[in-house]
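Hi there,

Here is the structure I promised to pass on to you. Have a look at it first, and then read my notes below.

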Amino acid sequence: MSLSTAEALTDALREEARRLLAEGTVAVVVGWEAGRFPNQTTPAFISDPEQAQRLVYGDYCVNTLAKYALGEKAAGKVAVCVRGCDSRGINRMIADNQLLRDEVYLLGLPCSGMKDPATGSLLMKCRTCTEHDAVTYDVLLGPATAAGHDGASADSSAGDSEHVSDEQRFTAVLGIEEMAPEKRRALFDAAFNKCIRCYACRKSCPCCTCRECFVDQLRAGWQGKQNNLAENRFYNITRVFHIGDRCIECGECERACPMGLPLMALNRKMVKDLKSLFNADDAGMTEENSAALGRYDLGDLEEFM
Amino acid sequence: MSRIGVFICHCGSNIGATVDVPKVVEAARTLPHVVYADDNKYTCSDPGQQSIRDAIEEHDLDRIVIASCSPRMHELTFRKMLHQTRINPYLLEIANIREQCSWVHKDIEAGTAKAIDLVRMAAAKIDRDTPLYTTTIPVNKRALVIGGGIAGMQAALDIADAGYPVTLVEKEPSLGGKMVMLDKTFPTMDCSACICTPKMAEVGTHPRIEVRTCAEVEKVAGYVGNFEVTIREAPKHVDYELCTGCGLCESKCPTKITSEFDQGLGKRKAIYKPFAQAVPSKPTIDAAHCRKINEGKCGVCEKLCPTGAIRFDDEEKRSTETYGAIIVAIGYQLIDWADLYGEYGGRVASPNVITGLQFERLVNASGPTEGHIQRPSDGTEPKSVVIVKCVGSRDPHKGKAYCSRACCMYGAKHAHQYLDKVPDGRCYVFYMDVRTPGKGYDEFYMNTQRDGAVYLRGRVSKIYEQGGKLVCLGEDTLAGATVQVEADLVVLETAMVPADDADRLGSMLGVTRDKDLWLSEAHPKLRPVETNSGGVYLAGTCQGPKDIPDTVAQASAAAMKVCILFSKDELESNAMIAGSDVGLCNGCGACVAICPYQAVTLEEVTRRENSVMVTRTVSNVNPGLCQGCGACTVACKPGAMDLKGFSDEQIMREVEALCL
Amino acid sequence: MRYAYFPGCSAASTGISFTLSASYVAKRIGLELVEMPDWCCCGTSAALVTSRDLAHALPARSLALAEQAGLDLDVVTPCAGCFSSLKRTVHYARQSDKNRHRLEEIIELPYAATADVMSLLEVMARPEAMEPLAAAITKSLNGLRVASYYGCALVRPQEVTCFDDPEDPQSMDSLMELAGAEPVRWAFKTECCGASHQISEPHGARRLIARVFENAAANGAEAIAVACPLCMLNLDMREAGINESRAVPFDIPVFYFTELLGLAMGGSARRLGIDRHFWPTGKAVRKALAPPPEPSPDNHSTSELPQEVTVA
Amino acid sequence: MILRHSSLEGLLSTLSTGARVYVPAKADGVTKFVLYSSSVRPDFSITNTTMPPKDLLFPQTQHMYRYGTDAEGVPYVEPVHDADDVIVFGMRPCDVRSIECMDDVFLTKGFVDVSYQAKRERLLMVAMACTAPAPTCFCNSMGLCPTAAPLADILLRPAGATDASGDTAYLVEAQSEKGQAALAQWESYKATDTSDADFEPVSAAVSCSLKVSMVGVKDKLEAMFDHPIWEQLSKKCITCGTCTFVCPTCHCFDISQENRLSEGTRFRCWDSCMFTAYTEMAGGHNPRASKSARVRQRFMHKLCFFEQRYGKTLCVGCGRCVEKCPVALDITCLIDQIGAADVAY
Amino acid sequence: MPVNEAPTASAATAATAATAATAFEPTILAFCCHWCTYSGADLAGLNRMSYPANVRVLRVPCSGRVNPQFVLTALNKGCDGVLVCGCHPGDCHYVSGNYFARRRLMAFKRLLEFTGLEPERFQVRWISGSEAGKFRDTVIEVCDQIRALGPYRSGVSDDVSLNG
């Protein structure tokens with residue numbers, strides 16, 4: 001987005017945050033503030049109206065904020081800055097009974113894709129984003145994003161139209177599907193070997209709302225603590241299977257991963273299959289829970305026999 | 001530390017021939033926590049069972065593994081045996097080394113190795129078994145019957161006659177359902193009203209039957225033996241305590257409305273009984289059409305009523321009561337053919353294209369024409385009638401794929417009735433097949449043909465009006481030609497489809513619906529009146545199209561099932577059911593959505609967590625409803641839901657043991 | 001409103017009146033028709049009975065060529081037969097990528113099946129066309145009783161055509177109403193006119209024509225409106241022949257619906273191609289264009305009557 | 001001794017005949033210390049590998065011992081020994097300092113961890129002085145010098161180009177007896193046409209651009225256990241274990257076992273004080289149930305508790321957590337905020 | 001009672017410790033639903049059909065009880081192949097269990113194959129209580145397929161060295 005747009009949105013955001021806090025509508029505003037390094041931002045939690053001017057909005061607000069609503073709601077109503085991804089995360093948590101719509105006040109912001117502060121190029125997760133603007137909000141600050149992510153035209157891997165097609169969205173998946181099985185195995189074995197099990201992927205995921213993750217449960221034979229290929233594969237595949245039919249495709253897991261695992265390719269494999277097999281809806285577009293594996297149809301496709 | 005006993009059966013030579021039993025015993029002795037292992041010639045025999053009981057005492061065993069035939073054969077036998085010991089009957093695992101080992105493998109070495117694996121798996125699993133207990137559920141001996149047609153009335157009467165109180169809920173102002181609309185019943189041609197109305201009266205006066213008309217079931221909670229049912233009664237605007245049913249109000253009411261009972265062919269008043277023999281035999285005010293209620297004018301009925309029973313300000317009533325069993329008998333409705341068959345005129349069809357049920361009213365002596373068959377358009381007697389069967393039935397493209405079962409017979413009945421009343425008339429019946437299985441049915445059909453009905457095998461492709469006649473274009477597949485028949489009246493024998501309420505009631509009661517929304521029985525052959533919801537039974541056409549004798553038979557069968565349930569004071573629940581770990585549950589509700597028995601609900605709990613009291617929403621399994629399928633355990637991402645007897649940990653232990 | 005235009009083989013021959021009247025109307029309502037490059041025979045029923053592949057491949061070729069030429073428009077065709085063939089092909093191609101690839105293989109051209117296919121009737125009955133139509137109609141057809149005859153191919157099979165009710169369609173009726181005619185409620189809107197059997201099985205097929213006229217007459221129709229050149233030819237050309245064996249002959253002229261719309265816009269019979277019909281149209285045209293009763297029916301009204309009207 | 005960059009390859013292959021040699025390189029998209037082989041391309045320009053070298057001494061999964069009962073039913077316990085001679089070639093001064101911290105934990109105060117000790121004794125540290133610290137580096141502020149690594153057995157300091165081809169020279173110095181002994185193997189690779197005096201090693205002036213003040217931080221923290229700052233600071237933390245796992249000094253572990261029938265293995269794996277389960281007790285009680293308590297623990301441990309016990313900060317200023325934290329919870333910002341906090345000490 | 005012989009020679013070869021040295025014999029775990037497949041397997045025994053001894057049946061109440069994590073565990077613990085069998089769609093004793101299983105396992109199987117697992121190693125079949133022959137044929141088929149693939153390498157012993 002242009003500098004003037006970013007400034008205008010930042011002003012509008014600060015003003016709205018100040019008003020909401022001053023009027024006591026919300027107890028806290030979750031947004032972004034500047035970090036130490038050039039272009040860097042970091043999640044901000046503002047509860048004093050005087051501090052609202054710390055908030056910023058622009059091209060580098062890389063964090064998807066939805067999940068913070070869960071931690072902050074105990075103090076009162078939480079205002080959360082939402083773009084497409086954040087708002088779908090909020091919807092997802094509502095669908096999973098983790099949040100009530102009433103517990104949050106959503107500040108809708110237009111988004112044209114976020115950039116990596118270090119390189120200035122569009123984040124991977126934003127290149128395949130299908131929903132730029134908030135799908136639900138209480139107030140919309142600034143106009144909807146007319147065309148696609150700005151970086152899109154500059155970057156050949158992203159489309160320049162307003163919609164990322166399924167083909168673009170599933171490029172990585174399709175690419176892997178086309179590989180020979182041994183190559184796929186090698187690819188993922190290498191990836192799972194890299195995994196350090198820091199669990200940043202699950203912690204950043206708005207679908208991961210278990211009180212105690214399966215990996216932390218001491219069930220004989222369930223998930224070993226060892227960091228070896230087999231256990232890492234178990235963790236990563238199970239994680240995908242736990243969230244796959246609810247994944248809102250925010251890409252936050254992949255961004256958070258310090259080791260660069262192709263997590264979105266795994267997530268999107270499920271998303272793609274459920275979509276093509278069972279006509280699954282895109283997750284988080286509404287507050288309804290329409291997880292494809294929680295339903296069935298008598299006429300479901302039969303791949304077994 | 002558990003103390004496991006392992007008992008390996010030879011089953012004569014059935015097992016012993018392919019499995020080296022002593023070697024299996026030896027291997028079993030080395031397994032963790034196994035303190036005793038022995039073999040037995042016939043474990044299921046009395047001496048075999050005695051030796052297990054002795055070993056339990058002697059070696060202080062607290063759980064046992066029996067390696068023998070399939071658990072499908074003797075699991076119950078051995079559980080019963082454990083009842084006589086101090087071991088909980090669920091602390092038993094059976095390794096199937098006969099059907100799935102000795103009988104299918106020839107190589108003694110491979111068979112023995114596999115038998116050892118199976119015993120090891122069972123021992124690993126049983127190490128994680130916990131004692132399980134059944135709970136008892138009290139049975140509330142009151143039945144609710146939904147629907148006051150012939151099925152509901154029959155079921156209510158049977159249960160009431162067996163000594164149990166029954167509430168019968170009917171959404172119309174009178175009992176009787178569809179049967180009382182019919183003129184005659186095939187094949188005996190006895191008058192439908194003559195056999196139906198005495199039943200209605202009997203129900204209405206039965207000391208153990210409470211009839212609620214204009215009423216609907218709004219909400220059902222609970223489970224077998226303990227359903228909490230909320231019934232909503234629409235206002236009748238007449239105080240039935242005071243009303244004597246004299247009929248003065250109805251005769252003087254100035255508002256005339258199309259009669260639902262006469263299928264739109266006759267008129268009724270705004271204060272009305274749907275038909276003369278209605279039960280209860282008291283009128284109801286149709287609030288939507290009453291001038292007093294809508295415009296504040298009129299009030300003639302109130303002025304005339306000798307007992308002052310009119311209540312214009314009557315309101316909806318709701319009551320919640322407890323029932324032990326529910327019979328669903330909500331019947332059927334006819335398919336809305338006009339929406340589907342534009343070629344028959346659709347929504348703008350001639351008034352002379354009528355349904356079979358309309359024909360029943362036309363031919364009925366107490367119907368709008370007093371039994372004279374007349375064309376609705378001009379009141380003339382039709383000299384030729386075309387009867388079209390399978391309108392909406394056996395027509396997957398436009399209607400339903402199934403056969404509605406009764407139409408062949410009532411089509412024949414209509415032809416017979418028409419030819420009887422209009423001897424010089426001509427009657428053509430278009431049919432696909434004639435299906436007349438039933439006592440006296442085929443004879444009746446043959447007689448109808450002898451009466452002069454012309455049966456044409458083929459479908460009708462078009463019906464249109466031309467020159468005051470209805471032209472029916474069709475095919476005679478036997479002659480291999482298209483035919484064109486001109487008729488004065490066309491009777492469409494339309495398909496039966498589920499009542500409007502079927503889907504709502506089905507989901508409320510946890511009864512599955514098939515693809516056409518008929519309520520599904522628990523098993524198509526062996527449990528034809530039960531449903532997947534314990535304590536909920538089906539009677540009549542809500543389960544699928546059927547004729548009156550089948551309906552009545554099913555109603556009595558459903559009543560019998562209720563009586564069997566009521567013969568016990570308590571029910572024993574399944575012991576191997578799901579349970580949720582409150583600490584792990586995050587209340588996402590995935591289990592609720594997936595449970596086919598509606599056994600899982602979300603509820604709030606307040607508990608101490610890390611020194612603070614927290615109120616959270618968590619899932620809760622109703623032991624009365626859970627059947628132990630375990631679908632919820634997989635849907636549960638937090639791993640809070642587990643299945644007793646087949647827990648995650650038990651299964652995992654088995655997997656681990658197998659891989660050694 | 002801009003569409004790719006597939007004229008079909010009758011456009012310049014037997015169906016010339018349709019072409020003339022359609023272009024007359026189109027011009028006045030801002031409907032732009034861009035003829036598809038190098039279109040070929042749609043295959044129609046002849047191809048269908050020969051080979052299913054052929055029946056799909058012929059339309060696919062024309063559609064693919066349009067795609068190749070960058071004609072990024074939905075396709076409209078006046079002929080019901082062409083519509084049926086083209087639409088069926090699009091439906092088939094969209095059913096699965098496998099189907100589409102099969103077609104691509106046969107025609108040796110890439111084919112994405114992005115363009116939709118519509119009949120001229122469907123296009124004109126859309127709200128965005130109805131509006132300019134209403135504005136362009138300057139004369140009322142004076143309550144001429146018109147039976148709208150849709151024929152077999154425009155509305156069936158419904159899962160392919162996705163247009164109007166297959167038993168009692170209404171789109172043409174509403175256009176006729178818009179033009180000031182009185183739509184007749186009748187039963188033969190979508191019955192077969194028997195066109196393809198007139199030569200091989202004339203006896204049975206004539207009967208199919210007769211009953212269309214019969215039912216139209218029984219319901220008081222003064223004219224029949226059609227949307228298919230084959231229906232038109234079949235009904236218009238054979239009305240005289242059928243009358244030979246009737247005691248009471250029919251006298252119902254057949255019009256393309258576009259001709260009647262054109263008349264209501266003030267078009268002359270010659271411009272619209274009405275003068276090329278077999279059965280005389282004069283009576284109906286005169287009734288349609290009769291002056292409103294209020295002004296005296298003298299000379300100035302005759303001047304409004306198109307001079308070119310010739311009564312065959 | 002002067003060593004030319006061009007002779008490193010030969011040196012490394014010689015060294016790897018007698019020991020497992022690890023060099024900084026990129027593998028599968030991650031920079032870390034990779035076991036040297038002819039197919040590995042070392043990259044000595046990396047300032048700081050994503051993964052620190054700590055797992056060479058303290059593997060993420062360390063098998064400790066096997067146990068079970070033998071055929072006669074007699075129980076047995078069998079320790080797992082798996083130490084090899086290891087050379088880490090190209091450690092940065094901060095990584096060397098981290099080993100110093102680990103030594104404190106695993107070898108001093110009367111607590112000696114045998115498996116750590118076994119690996120440590122067979123480890124040779126070859127350090128490489130930094131010439132261009134990364135923007136996230138702040139080792140100066142933690143009392144380190146980017147060009148000095150006192151604990152390293154051998155220190156290499158880049159000393160500019162040796163000739164027109166741009167071949168870099170390294171000034172090699174042994175800093176321990178072990179290092180001195182090891183240098184014998186290096187002799188044949190040293191540059192003979194030049195001497196140490198010809199080169200000026202990278203100056204001590206090399207310094208990080210990121211600076212924080214540690215003045216009074218430890219003392220302040222001692223008074224800040226119940227300070228509201230933790231609640232505020234921890235809000236954005238998502239409690240993943242990234243910072244602890246990429247940290248060269250974090251050394252917490254969890255002991256677990258894998259049992260199969262009557263045999264089993266006991267092993268320990270890295271744990272993170274950020275995880276809820278880290279302090280969870282058998283009865284379900286968790287003394288650090290809240291996120292703020294866990295965040296406080298981590299930083300208190302780094303900046304206060306460790307210093308109290310061992311006299312040094314447990315942060316070496318490598319900047320790995322600063323770079324990898326998914327929510328930019330930056331330890332340098334935190335130190336600034338503590339510095340700014342109004343607390344009497 | 002008919003005695004059915006194993007139709008292929010390879011099927012008759014059973015997994016035994018003695019032969020393991022020469023030929024690979026896979027370990028195959030079959031999760032079988034109690035109501036259909038388990039009774040189908042019993043019927044195979046009753047009819048004295050013969051099939052390889054490599055398969056071990058693990059009885060579950062319903063195919064809907066089979067957690068995909070069980071499959072991963074089995075492969076990690078040393079199974080070379082996993083088979084899940086349940087009632088045919090529409091015949092579930094618990095109304096809908098196998099419908100849920102069908103969706104889950106289809107998605108799961110595709111996910112596993114995406115990460116490189118050979119399709120043969122994880123298979124799902126619907127086998128009714130009367131389909132003893134189908135049970136036998138399935139076991140033989142799966143066994144042959146997996147024997148041809150060789151042992152599964154789970155990587156359970158490959159401790160990840162973060163540096164290395």
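**What I found**

No contact joins chain C and chain D, and their closest C-alpha atoms lie 36 Å apart; two residues are in contact if their C-beta atoms, placed from the backbone, lie within 7 Å. Chain C and chain E do not touch either, with 21 Å between their nearest C-alpha atoms.

Before the rest, a word on the conventions. This is a predicted model, so please keep in mind that local features need pLDDT of at least 70 and side-chain atom pairs count only at pLDDT 80 or more, while totals for chains, interfaces and linings use all residues. Residues are numbered from 1 along each chain as its sequence is written, and chains are lettered from A and ligands numbered from 1 in the order in which they are written.

**Between the chains**

Which chains share the most contacts? Of the seven pairs of chains in contact, that is chains B and E. Here 39 residues of chain B meet 39 residues of chain E. On the chain B side, the elements that give two or more residues are α4 (98-102), α5 (108-127), α18 (631-635) and α19 (648-658) of chain B. Helices (H or I, at least four residues) and strands (E, at least two) are DSSP runs, numbered from the N terminus. The largest share of that side, eight residues, comes from α5(B). By class, the side of chain B that touches chain E has 18 nonpolar, 10 polar and 11 charged residues. In this scheme Ala, Val, Leu, Ile, Met, Phe, Trp, Tyr, Cys and Pro count as nonpolar, Asp, Glu, Lys and Arg as charged, and the others, Gly among them, as polar.

Chain B also touches chain C, with eight residues of chain B in contact with eight residues of chain C. The chain B side of that contact divides into two nonpolar, four polar and two charged residues.

**Chain A**

Chain A has 12 helices and six strands. Its C-alpha atoms fill a box of roughly 60 × 45 × 45 Å along the principal axes. The radius of gyration of chain A is 20 Å, which agrees with the value near 19 Å that a compact globule of 305 residues would have; the radius is taken over C-alpha atoms, and the globule rule is 2.2 Å times the number of residues to the power 0.38. Of the 305 residues in chain A, 58% are buried (20 or more other C-beta atoms within 10 Å of the residue's own, with C-beta atoms placed from the backbone). Among contacts in chain A with a separation of 6 or more, 70% are between residues 24 or more positions apart.

Chain A is divided into domain 1 (3-159) and domain 2 (167-294), with bounds that come from an automatic or database domain assignment. The C-alpha centres of these two domains of chain A lie 24 Å apart. Their contact takes 23 residues from domain 1 of chain A and 19 residues from domain 2 of chain A. On the domain 1 side, α3 (84-95) and α4 (124-127) of chain A are the elements that give two or more residues, and α3(A) provides the largest share, eight residues.

**Chain C**

Chain C has 15 helices and eight strands, and its C-alpha atoms fill a box of roughly 65 × 45 × 30 Å along the principal axes. Its radius of gyration is 20 Å, in agreement with the value near 20 Å for a compact globule of 312 residues. Buried residues make up 50% of the 312 in chain C.

**Chain D**

Chain D is divided into domain 1 (1-55 + 64-211) and domain 2 (212-345), and the C-alpha centres of these two domains lie 26 Å apart. Their contact takes 29 residues from domain 1 of chain D and 26 residues from domain 2 of chain D. For the domain 1 side, β4 (61-69) and α2 (93-107) of chain D each supply at least two residues, and α2(D) gives the most, with eight residues.

There is also an open sheet of four strands in chain D, in the order β5-β4-β11-β10, with antiparallel pairing; two strands pair if DSSP finds at least two bridges between them. Its edge strands are β5 (75-79) and β10 (253-260) of chain D, each pairing on one side only. β10(D) and β11 (263-270) of chain D pair in the antiparallel sense over eight bridges. Ile255(D) stands opposite Arg268(D) in β11(D).

Best wishes

Terms used
A residue is buried if 20 or more other C-beta atoms lie within 10 Å of its own, exposed if 12 or fewer, and partly exposed in between; C-beta atoms are placed from the backbone.
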